[in-house]
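The sequence and structure are shown below.

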Amino acid sequence: MNQLTSSKSGSLKGTITVPGDKSISHRSLIMGAMAVGESTVTGLLEGEDVLGTAAALRELGADIYKDDYGNWHIHGVGIGGLNQPQKPLDMGNSGTGVRLLMGLVATHPITATFTGDESLCSRPMKRVTIPLTDFGAQFSGNEVGTLPITVKGANMPMPISYKLPVASAQVKSAIMLAGLNTPGITTVIETIPTRDHSERIFKYFGVPIQIEGDNIHVTGQVELKARNMAVPADPSSASFLIVAALITEGSDILISNVGINPARTGLFKTLIEMGGDIKFENERQECGEDVADIRVKFSNLKGITVPPERAPSMIDEYPILCIAATCATGKTVMRGIEELRVKESDRIAIMVNGLKSCGVTVEEHDDGMTVSNSVAYGNEAIKTSLDHRIAMSFLVLGLCAEKPVTIDDGSVIETSFPGFVELMNSVGARIYP
Ligand code: S3P
């Protein structure tokens with residue numbers, strides 16, 4: 001356990017960069033591992049989740065290493081070339097890592113066991129094992145469908161057409177990745193759009209992919225071209241800095257090179273509607289992704305009702321939106337987000353309980369929460385429940401609370417945002433052990 005405390009700080013000032021995008025980092029490693037030849041990746045997130053995916057891909061036969069300049073090199077095995085792993089693949093805390101790799105393994109003639117930490121071992125996996133079974137893969141584990149699970153990949157995979165029952169980019173991507181080593185055309189039908197990093201990176205690596213309305217068609221067993229990737233900074237990580245600047249008087253920060261893929265910017269849109277002074281500068285495209293520098297200044301926020309249909313574009317950002325909401329006049333209503341209950345923790349329950357223990361007025365709903373403008377007063381030790389985003393959100397709350405806010409375990413932040421405390425403090429925050 002590694003307690004951290006944050007206290008009321010002065011204005012936040014400076015130009016900073018946050019680590020690479022987690023979703024794109026996982027996908028860059030996976031695509032590089034499936035390509036023939038050497039791919040390089042700059043700006044890779046070196047958080048525990050992504051390093052876990054790199055380790056698993058090495059176990060599956062790819063050669064992956066970092067050079068002295070901080071760039072990552074991947075020598076892929078080619079489609080169909082995955083090796084039989086010699087030990088269980090421990091994916092730590094990472095839902096993205098495990099679900100995407102299960103998809104990849106499902107259509108290779110190998111057997112792999114996936115496991116993870118206590119949080120990951122309680123998360124639902126049937127959402128991927130059910131469609132992957134249709135390709136011909138076999139799964140053995142417990143009745144409830146949680147890790148550890150052993151996947152016996154199909155010898156002769158069959159292409160499938162599958163309509164997603166939940167709005168989940170992880171499930172969509174697992175099926176698309178299974179389609180890579182499947183002859184013919186695999187189709188995913190997505191009625192509620194989710195982040196499209198897989199679609200973009202498939203195109204970038206030369207996979208024939210066609211998008212027709214809700215249908216995503218992937219043609220399998222085509223050789224991937226090794227590519228060089230530049231991973232933009234993670235908008236989900238930038239969100240902690242953005243909210244911190246919005247709620248801390250006098251703040252003015254610039255965060256460079258942030259991914260602004262429209263499927264990820266729901267929180268920015270919401271904060272702007274709440275009165276947040278957030279500007280995109282120098283908008284550009286890099287390696288198939290939209291990127292900008294983001295300037296944020298302290299703002300007087302007002303509560304709003306967040307449109308439920310916006311949820312997929314900000315699904316990871318509700319914990320930090322709750323913190324902005326405590327500083328916004330009136331009420332902020334967040335509904336239609338029952339998926340938050342199966343993230344790294346039950347984010348609805350954990351946020352509601354944590355906020356209440358800090359004196360914030362908050363109401364829990366089955367499918368969300370309503371947060372009212374409140375003066376937060378800190379707490380003994382907020383339970384982070386192995387959830388990095390809960391940990392960072394409560395540390396941001398401490399910057400504007402009456403008394404310091406302490407979290408019980410800051411080590412979980414390493415999964416997605418190594419250097420969070422140092423970076424926050426470099427712009428003027430007060431976070432300490
Ligand atoms: C992710 C998809 C989302 C998100 C997660 C990353 C991805 O999960 O919460 O942090 O990279 O595909 P779901 O697919 O479960 O919504």
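**Strand pairing and a buried helix**

Strand 4 (residues 63–66) runs antiparallel to strand 5, and 4 bridges pair them. Strands here are DSSP runs of E with at least two residues, helices are runs of H or I with at least four residues, and both are numbered from the N terminus. Two strands count as paired if DSSP finds at least two bridges between them. The model is predicted: local features need pLDDT of at least 70, side-chain atom pairs count only at pLDDT 80 or more, and totals for chains, interfaces and linings use all residues. Residues are numbered from 1 along each chain as its sequence is written, and side-chain values use heavy atoms, with hydrogens and water left out.

A hairpin is formed by strand 4 and strand 5, with 5 residues between them. Gly-70, in the turn, has a positive phi of about 90 degrees. Strand 5 (residues 72–75) also runs antiparallel to strand 3 (residues 38–42), joined by 4 bridges.

Residues that stand opposite each other in these and one further pairing are listed here.

| Residue | Opposite residue | Strand of the opposite residue |
|---|---|---|
| Thr-40 | His-73 | strand 5 |
| Gly-14 | Ile-253 | strand 15 |

Strand 2 and strand 15 (residues 252–259) are parallel, with 4 bridges. An open sheet of 4 strands has the order 2-15-17-16 and mixed pairing. Strand 2 (13–16) and strand 16 (277–286) are at its edges with a single partner strand each, so one side of each has no neighbour in the sheet.

Helix 9 (residues 318–326) is largely enclosed by the rest of the structure, because 9 of its 9 residues are buried (under 20% relative accessible area, 1.4 Å probe, protein chains only). Among them are Tyr-318, Pro-319, Cys-322 and Thr-326.

Methods. Buried < 20%, exposed > 50% of the residue type's maximum accessible area, 1.4 Å probe, protein only.
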